[in-house]
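Reader: I am new to this structure and should like to learn how to read its features. May we take them one at a time?

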Amino acid sequence: MSIPPFLFYLAGALVLPLVPKGAMRSLFLSLVPVLALTQFVVLPFGEYASAELFGYTLILLRLDALAYAFSLIFSIAAFLAALFAWHIRDTTQQIATLIYSGVAIGAVQAGDLITLFCFWEATAFASVFLVWARRTDGAYFTGMRYLIFQMLSGLLLLAGIILHINATGSNLFVQFPDINFAAVLILLAFGIKCAFPLLHDWLQDAYPASTPTGTVVLSVFTTKLAVYALARGFPGLEALVYIGALMALFPIFYAVIENDLRRVLAFSLNNQLGFMVVGVGIGTPLALNGTVTHAFCHVLYKALLFMSMGAVLLRAGTTKGSELGGLYKSMPYTTVFCVIGAASISAFPLFSGFISKSLILSAADKQGYTLVWFALLFASAGVFHYCGIKIPYFAFFARDSGIRCREAPWNMLLAMGLTALLCVGIGVFPQPLYNILPYGVSYVPYTADHVVFQLQLLLFSALAFMVLMSKGIYPAGLRSVNLSSDIVYRKWLPRVLLWTWGSIEQFVVSITAPLRRESRQIFRNIGVVIGNEHGSGVMLLWVGVLLVFLLALTYLAR
């Protein structure tokens, strides 16, 4: 019997405080993902651990092609994140990282909805400590907001699960056959964690508010867990095609004008999730393979970009585009790794993004989603603008800011180097990744038409950037506040509600004022009659009414 891998992470979190701080503890943190990986990587597909609870079977370790692919990339990312954070001595971050990684893998391998819910909530509680580990007032309030959104997702998921089990009698986590009220609640729960439009702002606030190493961990698990859940529960749901297309488009405009480069990457995360959600919505084997491939590659190149910006934040003290520039002189290796991450997310041939996005675009074209295909094409050009060009340019190659600092620590460089190697290796040799996909679809990304078309797209996008920069039209890196859709319910909605409540209160006061004046006059008159002009007689009257009422109740109760 195989031990569920999440138990290794939880056991590691319990033992970790006993391990001496320093290299010994860092080595321990790096070994936990390796040991956990050995527990499932060679197993045949099937169910390996289960338990009974209140008459329901809980499946703690279910392996199929979908769960295997996500478990594998989560395990690889957990190891790379531990290596990137080798120099960290903060016990809170270390424990939170272990628990967060473990429960995310546990959620992917859960075969039933009850177990999924438990891990779903655990990811929220564990991950928020990576935001709070920054130990600033801003990080505290941002973390609270992040936690509220995650708890809302959990509540919706719990309500949907209860209704689903009550209606079907089954707690298995499989594709939902009908889009009823229970399924809609579960879809909304997945959508919050996947940062659907209007539900996404927690992501742009929380990820950049975390520590340089914590942001890398956050970028890996939460949203990709939601993509996995959508692929498991709602493949072929057409509404997701259009939700995903919108997700891919709207972050472009925010990212182009954003000054904080880590927030740019957070907006870019929304954009890339949009491609995956489109793939889930199309629901064909080619599209779902594209979703899994893109999620796998995205974990790596987005982690690499967050690593490079984390290294910049550690050494330069900021990731504001308006305050950076010329860092290639001080951080040449970090510059190279950032450029590799930028080329990967931009889908340059021979880099990982090229072999993953092409599956989703091909699936959209084959299924006749022409407008969605154009939207994804525009989104691809946009991501090259703000990730492929803007981040490396403003951080490393723009006007010299005068910042002279040391290169990133050796462990950060090693983690970035290994991640960059994977980005290039998958891009050059995609077949090993294609071999573990859920469906056996034969696909060749490197055709002459596809390569030439992608190079043309990138070339014209780069040309547009150069023209806009030369004409002074492209938004410069300036200190600014980037307002997003959350201003509607964070600022405007409370004001509208307060104004509405005040208006109602004023209206009620205005129409009841005459009645209150009349009633006061009546009671004064009664008080005069009783002999107490100051109204104490009214108290006697009320006592009498109460006694009569009690006598009436006693009589009726007989």
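Author: Let us start with a single residue. Ala239 is found in helix H10. Please keep in mind throughout that the model is predicted.

Reader: Is Ala239 buried, partly exposed or exposed?

Author: One reads this from the relative accessible area, where buried means under 20% and exposed over 50%. Ala239 has a relative accessibility of 42%, so it counts as partly exposed.

Reader: Where is Thr334 found, and which residues is Thr334 in contact with?

Author: Thr334 is found in helix H13. Its relative accessible area is 0%, and because buried means under 20%, Thr334 is buried. Leaving aside neighbours within four places in sequence, its contacts are Ser308, Ala311, Phe396, Glu407, Ala408, Leu413 and Met416.

Reader: How does one examine a whole helix, such as H7, and what should its 13 residues span?

Author: One can compare an expected span with the distance between the ends. H7 covers residues 181-193, and at 1.5 Å a residue it should span 18 Å; the C-alpha atoms at its ends are 19 Å apart, which agrees.

Reader: How many residues of H7 are buried, and what covers them?

Author: Ten of the 13 residues are buried, so that H7 is mostly covered. Among the buried residues are Leu185, Ile186, Leu187, Phe190 and Lys193. The cover includes helix H5 (113-132), helix H6 (137-168), helix H8 (201-209), H9 and helix H10 (239-257).

Reader: Which residues touch the most other members of the largest nonpolar core?

Author: That core has 167 residues, and those touching the most other members are Phe190, Leu230, Phe234 and Met416. Helix H12 (residues 285-316) contributes the largest share of this core, 18 residues. Phe190, which is also one of the buried residues of H7, touches Leu116, Trp120, Leu157, Phe173, Ala226, Ala229, Leu230 and Phe234, not counting residues up to four places away in sequence.

Reader: Where does a positive phi occur just after H7, and which other residues have a positive phi?

Author: Phi is a backbone angle, to be read residue by residue. Just after H7, Ala195 takes a positive phi of about 65 degrees. Phe54, a residue other than glycine, has a positive phi near 55 degrees. Phe54 is found in the loop between strand S1 (46-53) and strand S2 (56-63), and with a relative accessible area of 75% it is exposed. Leu350 is not a glycine either, yet has a positive phi of about 80 degrees. Leu350 is found in the loop between helix H13 (332-345) and helix H14 (352-366), and is partly exposed at 47% relative accessible area.

Reader: How many cavities of 30 Å³ or more are found, and which residues lie nearest the centre of the largest cavity?

Author: A search of the whole structure finds five such cavities. The largest has a volume of about 160 Å³. Its lining consists of 17 residues, with Ala81, Ala82, Ala85, Gln94 and Thr97 nearest its centre. The elements giving two or more residues to this lining are helix H2 (23-37), helix H3 (65-84), helix H4 (91-109) and helix H9 (214-233). H4 gives the most, with five residues.

Reader: How do the residues of that lining divide into nonpolar, polar and charged?

Author: There are eleven nonpolar residues, six polar and no charged.

Terms used
Residues are numbered from 1 along each chain as its sequence is written. This is a predicted model: local features need pLDDT of at least 70, side-chain atom pairs count only at pLDDT 80 or more; totals for chains, interfaces and linings use all residues. Side-chain values use heavy atoms; hydrogens and water are left out. On a 1 Å grid over the protein atoms alone, a cavity is a set of points where a 1.4 Å probe fits but cannot get out, and a pocket is an open set with protein on both sides within 12 Å along at least five of seven lines; lining residues have an atom within 4 Å of a point. Grid points are joined across faces, edges and corners, and a volume is the space filled by probe spheres set on the points. Helices (H or I, at least four residues) and strands (E, at least two) are DSSP runs, numbered from the N terminus. Ala, Val, Leu, Ile, Met, Phe, Trp, Tyr, Cys and Pro count as nonpolar, Asp, Glu, Lys and Arg as charged, and the others, Gly among them, as polar. The expected span of a helix is 1.5 Å times one less than its number of residues. Buried means under 20% relative accessible area, exposed over 50%, partly exposed in between (1.4 Å probe, protein chains only). Contact means heavy atoms within 4.5 Å. A nonpolar core is a set of buried Ala, Val, Leu, Ile, Met, Phe, Trp, Tyr and Cys residues joined through side-chain atoms within 4.5 Å.
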